[in-house]
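Please look at the sequence and the structure below, and then read the briefing that follows, which is grouped by topic.

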Amino acid sequence: MNTRQTFLQSIANYYYQKLKTDSTSICFVFPSRRAGIFFIDCLKQLSDQPIFAPKIITINDLFARRSQLIIADNITLLFRLHQIYSRITGDNRSFDEFLPWGEMILSDFEDIDKYMVDAPQLFRNLIDYKQLDDDYSHLSEAQRKAIASFWGTLHLQKLSEHQQSFINTWEKLNEVYTTFRSELKAHNIAYSGMTYREVAEEIQNQKLFDDHDIKYAFIGFNALTTTEHILFKYLQKQNRAQFFWDYSEQILPVGRNGLINRGAGMFLSENVLQYPKPKDWEMPLDV
């Protein structure tokens, strides 16, 4: 049995006795459908008889179910994005020619919303970056970090030809972003990141979850987006969430004071500190 299966088996064992009499009180949330399938298999191994069918969903499903919008398929999204992009920028390339660009733009819009980035500010930062080419002295540290985090491959080095071509139309992308979101909402559809942002903003505006009898077990997550942090913190404060991290605390860097070092592995440290595992559950193996 590999580490992943051992990790899931330990959680299945942890919940098995608790849920024999009540399988509706906990919803298990995973980063992917595959992990949920493995978890079901682990539960089946615990009994020779048919067992309860717990609620198992992905994090995408959880946000989508709390949103008023319906997530559209990628082709629908890309066709609409192509129409809006062409109309605003005057770029009349065919859909086939636009497709690689469209996929990149859509992915960037996903990240903007999942991390709740101030889109106009981000676009302004990149316009400044374009205008002064490789001179970064005018950028604040916050602006430099925003650019670097948004374009993971950028690292404030010289842009590739493909990235530079993309920045040449950056002045129009804020309008593309806002128009795209507005037109999708008008048709009651969305890309995934829009549902994440909508739910996070509703939580911030005190529009709370109405399923008060349901608790959530978040299993196997790693680095979290801003919107996921907002959801996790809200449910944690409501005493309605438990967290199971798929790495051992022994791998986290510890300083001389005995506290977790916030340098290397910082996001691991933050997860453990902000969302500790249940006190009566232990990671079965070092990972």
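In this predicted model, Ile26 stands opposite Lys215 in strand E5, where strands (E, at least two residues) and helices (H or I, at least four residues) are DSSP runs numbered from the N terminus. Residues are numbered from 1 along each chain as its sequence is written, and because this is a predicted model, local features need pLDDT of at least 70, side-chain atom pairs count only at pLDDT 80 or more, and totals for chains, interfaces and linings use all residues. Side-chain values use heavy atoms, with hydrogens and water left out.

**Strand E1 and its sheet**

- Strand E1 (residues 26-30) and strand E5 (residues 215-221) run parallel and are joined by 4 bridges; two strands count as paired if DSSP finds at least two bridges between them.
- E1 is also joined to E2 by 4 bridges, and these two strands run parallel, with Lys55 in E2 as the bridge partner of Cys27.
- An open sheet is formed by 4 strands in the order E2-E1-E5-E6, with parallel pairing.
- Strand E2 (55-58) and strand E6 (241-245) are the edge strands, each of which pairs on one side only.
- From one strand to the next, the twist averages 20 degrees.
- In a regular strand, the side chains alternate between the two faces of the sheet.
- Ile26, Phe28 and Phe30 point one way from E1, while Cys27 and Val29 point the other way, and all are buried, a term that means under 20% relative accessible area, with exposed meaning over 50% and partly exposed in between (1.4 Å probe, protein chains only).
- Because 5 of the 5 residues of E1 are buried, this strand is largely enclosed by the rest of the structure.
- Helix H3 (residues 59-66) lies across E1, E2 and E5, and runs at about 95 degrees to E2.

**Helices H10 and H11**

- Two packed helices are described by the angle between their axes and the distance between the axes.
- Helix H10 (residues 192-204) and helix H11 (residues 226-237) pack at an angle of about 40 degrees, with their axes 9 Å apart; axes are lines fitted to C-alpha atoms, for helices over the stretch in contact, and angles run from 0 to 180 degrees between N-to-C directions.
- That angle makes H10 oblique to H11, since angles under 35 degrees count as roughly parallel, over 145 as roughly antiparallel, 65 to 115 as roughly perpendicular and the rest as oblique.
- Residues Tyr196, Arg197, Ala200, Ile203 and Gln204 in H10 meet Thr227, Glu228, Ile230, Leu231 and Tyr234 in H11, where contact means heavy atoms within 4.5 Å.

**Tyr275 and its surroundings**

- Tyr275 lies in the segment after helix H12 (266-274), and is buried, with a relative accessible area of 0%.
- Not counting residues up to four places away in sequence, Tyr275 touches Leu224, His229, Phe232, Lys233, Gln236, Phe243, Trp245 and Glu270.
- The C-alpha atoms of Tyr275 and Gln242 are separated by 7.9 Å, although these residues are 33 residues apart along the chain.

**The whole protein**

- The protein has 12 helices and 6 strands, and buried residues make up 47% of its 287 residues.
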